[in-house]
Amino acid sequence: MNLNRFFLFCFSFFVLQHVQGQVDIIPKPLYVKVSDKQIVVKNTLLVFADPVFGAGRQYFQRLVLAKYGLTSSITDQRDAANICLLIDDKLAEEAYKLSIKGTAIKIYASGRAGMLNAVSSIDQLLAAAEHKGDQIRLHTVEIEDKPQFAWRGFMLDESRHFFGKEKVKSLLDWMAFYKLNKFHWHLTDEPAWRLSIQKYPWLTQVGGIGNYLDPYASVQYYSQADISEIIAYAAERNIEVIPEIDMPGHATAANRAYPFLSGGGNEKHPDFTFHPAKNTTYTFLTDVLREVKSLFPSVYIHLGGDEVAFGSDAWDNDAKVQELKKTAGLKSNKEVEEYFIRRMADSVAGINGKIIVWDEMVDAKLAKDQTVMMWWRHDKPEQLNKILDKGYQTILTPRLPMYFDFVQQENHKYGRKWGKGFNPLQDVYNFAGSQLDSLGNRKKQVLGIQANLWTETVTNVNRLDYLVFPRIAALAEAAWVPGTGRNFDEFAKKLKKHLPLYRDQGLYYFDPFKDSNPEPAVIKKSQKQYIDHPK
């Protein structure tokens with residue numbers, strides 16, 4: 001190789017490495033081929049779309065207008081279009097191909113889900129692109145991509161603190177940006193009931209009063225119109241909304257509104273349970289779930305089923321519960337819990353739904369084809385083994401590292417720790433990688449992973465943002481990319497370029513590189529511990 005060729009090679013290598021850095025898509029695509037050539041995206045776009053992409057095409061047009069000022073019109077001339085949304089029946093449901101070259105951007109997908117995943121990639125490429133006047137320059141790139149898991153979830157608890165639909169929509173926007181597709185909405189618990197039910201208005205008018213730190217906070221809840229609006233907003237972004245109506249524990253707010261439902265509790269957790277031995281309880285909750293199912297298109301309703309023992313000791317002195325034990329052959333309060341969940345699972349099946357429950361219900365003899373179980377107790381791996389051995393599908397959401405209310409570094413003091421354990425960015429990123437190989441064939445039962453934000457210490461949106469961002473990006477890559485395809489150092493380089501996007505959107509994010517934003521403080525009005533605090 002002569003000297004000129006050597007320098008040309010070195011220069012080309014440098015350019016390619018620089019260009020490769022421009023493809024800062026999170027989660028990392030399965031296959032990327034990029035060059036130093038560029039395509040100019042002008043202000044006015046011509047869009048061609050196969051008919052199956054009609055609603056998705058409109059979403060794309062609104063997105064690029066709102067974020068990048070790109071106007072567009074529809075053409076039936078494929079060869080004339082700058083943007084082509086094309087059907088490819090050979091691709092899996094959420095897979096896509098993206099081609100940016102020549103004078104056009106072409107998306108190939110078998111349906112709307114794959115197309116929207118491609119749009120998320122284009123969104124990120126546009127956000128990182130060179131903008132000059134009314135033109136945007138994108139590098140020529142070929143992408144082929146599909147997710148590792150079908151369930152890529154995020155849960156928000158709004159019983160303990162309420163944030164409102166504009167903040168929920170913002171979270172849904174970021175979920176779509178990172179290709180997360182399941183929004184688990186925890187709407188009922190001890191502090192408050194946040195979902196309007198027409199048949200039982202006191203659930204919100206009385207049960208919607210208060211929050212985790214202030215039992216007298218003004219009533220806050222979602223109307224059914226709000227729910228419909230948010231579900232439609234999520235669906236447009238390929239996000240399924242799964243409601244959680246907690247039972248038979250965590251029922252305090254509902255029991256405050258309708259005391260006849262109460263199965264009692266204890267001094268720390270008064271009226272914690274629904275009464276398991278009254279038919280009126282099951283009738284009431286079935287009525288509630290009928291309305292829930294009418295509002296939420298998802299086949300799933302999450303019924304909770306966790307931590308009932310923190311208040312079920314009241315059942316020991318309840319004559320009706322003792323009679324139920326005798327007539328139904330139940331030997332313990334735990335078996336009463338399971339009896340309760342089985343009855344409510346039957347109610348959900350009767351309205352063509354399936355249930356999700358926490359891992360405490362693994363021995364409840366629930367129908368395997370109607371039930372998904374969430375493994376959350378990281379300190380009880382035997383629960384996960386039971387779930388898999390019994391043949392249930394599962395979602396992995398262990399406290400360590402998937403609870404975002406846990407702090408992100410050692411010196412943070414307002415969130416949770418488990419002993420000395422907490423949830424830094426890298427632990428979230430590395431979750432569900434090669435360790436899943438030990439599951440063997442049972443790995444097929446794992447639908448995916450999910451992060452949960454419980455809001456005992458989340459008293460305002462700044463603190464919410466601080467706990468979610470940037471860990472939501474690490475969650476997205478862990479859910480999308482198999483462990484063998486991940487590289488935390490590469491991810492960190494990309495993430496540094498995403499932090500300005502958070503800043504530009506007014507998010508008060510945690511900066512894992514400079515720690516420049518102080519941890520938002522929590523002013524406690526009452527001293528409370530987490531209910532599952534380790535002994």
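This is a predicted model: local features need pLDDT of at least 70, side-chain atom pairs count only at pLDDT 80 or more; totals for chains, interfaces and linings use all residues.
Four helices, α2, α3, α4 (165-177) and α16 (488-504), each supply at least two residues of the lining of the second largest pocket.

- The volume of the second largest pocket is about 500 Å³.
- Its lining comprises 20 residues, and L63, K67, D123, D173 and Q505 lie nearest the centre of this pocket.
- Sorted by class, the pocket lining holds 11 nonpolar, 3 polar and 6 charged residues.
- Two of the residues nearest the pocket centre, L63 and K67, also belong to the α2 side of the contact with α3. D123, another of those nearest the centre, sits on the α3 side of that contact.

**How α2 and α3 pack**

- On the α2 side, the contact is made by A55, G56, R57, Y59, F60, L63, V64, K67 and Y68. Their partners in α3 are R112, M115, L116, V119, I122, D123, L126 and A127.
- The residues of this α2 and α3 contact split into 12 nonpolar, 1 polar and 4 charged.

**Cavities**

- How many cavities of 30 Å³ or more are there? The count comes to 3.
- The largest cavity has a volume of about 160 Å³. It is lined by 17 residues, and D306, E307, W376, W454 and I531 lie nearest its centre.
- By class, the lining of the largest cavity has 6 nonpolar, 2 polar and 9 charged residues.
- The second largest cavity holds about 70 Å³ of space. Its lining is made up of Y59, L116, N117, S120, M175, A176, K179, L180, R237 and N238.
- Both α3 and α4 supply at least two residues each to the lining of the second largest cavity, and α3 gives the most, with 3 residues.
- For the second largest cavity, the lining divides into 5 nonpolar, 3 polar and 2 charged residues.
- Y59 and L116, which line the second largest cavity, are also part of the contact between α2 and α3.

**Backbone details to check by eye**

- L400 and P401 are joined by a cis peptide bond, with omega of about 10°. P401 lies in helix α12 (residues 399-402).
- A cis peptide bond also runs from F469 to P470, where omega is near 15°. P470 is found in the loop between α14 (461-468) and α15 (471-480).
- H250 has its place in the loop between β11 (240-247) and α7 (252-257).

Methods:
Residues are numbered from 1 along each chain as its sequence is written. Side-chain values use heavy atoms; hydrogens and water are left out. Contact means heavy atoms within 4.5 Å. Ala, Val, Leu, Ile, Met, Phe, Trp, Tyr, Cys and Pro count as nonpolar, Asp, Glu, Lys and Arg as charged, and the others, Gly among them, as polar. On a 1 Å grid over the protein atoms alone, a cavity is a set of points where a 1.4 Å probe fits but cannot get out, and a pocket is an open set with protein on both sides within 12 Å along at least five of seven lines; lining residues have an atom within 4 Å of a point. Grid points are joined across faces, edges and corners, and a volume is the space filled by probe spheres set on the points.
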